[in-house]
Amino acid sequence: MWNRRKEEEPPPRQASYPPPASEPAREGIPMSTTPVKPMSAESSHTASIGKSVTFKGQLFSREDLFFDGEIEGSIEMPEHRLTIGPNGKVSAGIKAREIVVLGTINGNVEAGDKLDIRKEARLLGDIRTARIVIEDGAFFKGSIDIVKPEPQKAPPPQPRPQAPAPTPSAPVAATAAQAGAERR
Amino acid sequence: MIKDRLRSLLFGEPAARVGATPRAQGAVKTPAPAERATLVRSSRGLEQFFLVLKERRGGSILDLGESSQANITAITSLGFRLSSENFLHSLDAYTNGRAAGGPRDREEFLSQILQYPAAHFDGALLWNCLEYLTPELLETLMPRLKEILRPRAVVYALFHGDYRRGQSEHFAFRIQDTRTLTLVPRSSRPVQLQFNNRSLERLFSDYHSVKFFLTRDAYRELLLQR
């Protein structure tokens with residue numbers, strides 16, 4: 001009887017469901033969870049975080065990011081572009097080179113280059129950016145500081161190899177040698 | 001009585017005067033925003049507002065209206081920091097959202113708007129937001145507004161010139177250039193308070209100066225100095 005029951009049991013299946021949304025994502029785990037390609041033209045180099053991901057903490061990125069989940073904390077990617085998707089809910093301070101908002105942000109935003117707030121977006125917080133585009137219908141409450149981008153420092157001039165200038169030491173040495181010879 | 005009936009048929013239900021209890025809403029039927037055309041009007045008041053701003057370099061401006069690219073560009077290009085308040089949106093959340101998680105009472109509503117330090121702003125664009133307040137909200141908000149403005153801060157405001165026509169037509173105001181406004185139609189919103197010149201003088205009696213700009217269209221303009 002016991003054996004038969006064991007045979008009837010279906011083979012254990014590997015759990016394929018994602019971890020519960022409340023569990024914070026850990027550092028080092030690949031974040032790409034969605035097959036959606038939001039920005040078709042640029043998606044080849046854009047990391048993506050799907051709408052079922054909830055994240056608490058600091059998020060740093062060294063590549064462009066499409067974020068459609070929920071985050072509480074901060075996002076920092078000063079050299080790259082961040083897109084908050086239509087399902088994205090961000091309760092965090094954001095620093096990025098370029099930010100496109102289609103979802104909701106509750107926090108201060110700093111865009112080194114450009115901030116683009118689309119018509120369905122909601123942004124509550126203060127903005128510091130060099131350029132801003134806000135579509136009609138977008139909800140924004142907060143202050144806007146337009147900061148002029150710092151002029152890029154020109155690289156220091158590299159020392160050019162110069163032709164050896166005629167040094168005065170040789171003739172001096174020569175004359176000294178001559179003088180010594182004359183004395184002898 | 002017939003005269004009153006005729007007037008209400010032609011011009012709709014009149015809104016409450018300042019100090020009176022607001023009347024029932026929804027009597028005025030206005031076309032949907034899509035059917036109404038965008039209007040362009042020249043504005044002497046706005047021109048004066050910008051003249052004052054150009055004399056002062058930098059500072060902060062409060063915009064009570066809907067945030068828009070045009071207004072942001074117009075203000076920030078002069079070197080000012082712009083604070084967008086989206087006041088009517090907050091007001092809607094208060095009036096419509098009392099049962100749906102919005103601010104439940106006046107105190108909670110007030111705790112969410114105009115939360116700035118004292119003497120923070122060098123100027124303010126009020127548009128015609130004050131007309132949509134209830135008398136008690138107006139009474140509470142006016143001292144708060146004055147508090148957050150610096151002395152000699154410049155304020156631009158609009159009010160309906162003729163409350164018998166178009167009082168529920170609601171527009172979003174866009175700064176086209178320093179002397180031109182674009183009025184973008186929005187869904188109808190009945191005016192809650194009617195102001196005349198006398199009541200406006202009384203409302204801003206503690207300001208340094210009040211300047212009226214009479215216009216031929218539905219709005220009158222005011223330029224104030226705190």
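How many residues does helix H2 of chain B have, and how far does H2 reach from its first C-alpha to its last? This is a predicted model, and in it H2(B), residues 44–55, has 12 residues and reaches 17 Å, close to the 16 Å expected at 1.5 Å a residue.

Staying with that helix for a moment. At its start, a side-chain oxygen of B:Ser43 comes to within 3.0 Å of the backbone nitrogen of B:Leu46. B:Leu46 is also one of the buried residues of H2(B).

Now the interface. Chain B and chain A bury about 1300 Å² between them, with 44% of that area on carbon and sulfur atoms. On the chain B side, B:Gln69, B:Ile72 and B:Arg81 supply 36% of the area buried against chain A, more than any other three residues. In terms of contact, 18 residues come from chain B and 15 residues from chain A.

One of the salt bridges pairs B:Arg186 with A:Asp136, whose closest N and O atoms are 3.5 Å apart.

Which elements of chain B supply at least two residues each to the side that touches chain A? They are helix H3 (69–76), strand E4 (80–84) and helix H4 (87–96). E4(B) gives the most, with four residues. By class, this side of chain B has three nonpolar, 10 polar and five charged residues.

Methods:
Residues are numbered from 1 along each chain as its sequence is written. Chains are lettered from A and ligands numbered from 1 in the order in which they are written. This is a predicted model: local features need pLDDT of at least 70, side-chain atom pairs count only at pLDDT 80 or more; totals for chains, interfaces and linings use all residues. Side-chain values use heavy atoms; hydrogens and water are left out. The expected span of a helix is 1.5 Å times one less than its number of residues. Buried means under 20% relative accessible area, exposed over 50%, partly exposed in between (1.4 Å probe, protein chains only). A polar contact is a pair of N or O atoms within 3.5 Å; within protein, one must be able to donate a hydrogen and the other to accept it, and residues adjacent in sequence count only if both atoms are side-chain atoms. Contact means heavy atoms within 4.5 Å. Buried area is the accessible area (1.4 Å probe) that two parts lose on being put together, summed over both. A salt bridge is a side-chain nitrogen of Lys or Arg within 4 Å of a carboxyl oxygen of Asp or Glu. Ala, Val, Leu, Ile, Met, Phe, Trp, Tyr, Cys and Pro count as nonpolar, Asp, Glu, Lys and Arg as charged, and the others, Gly among them, as polar.
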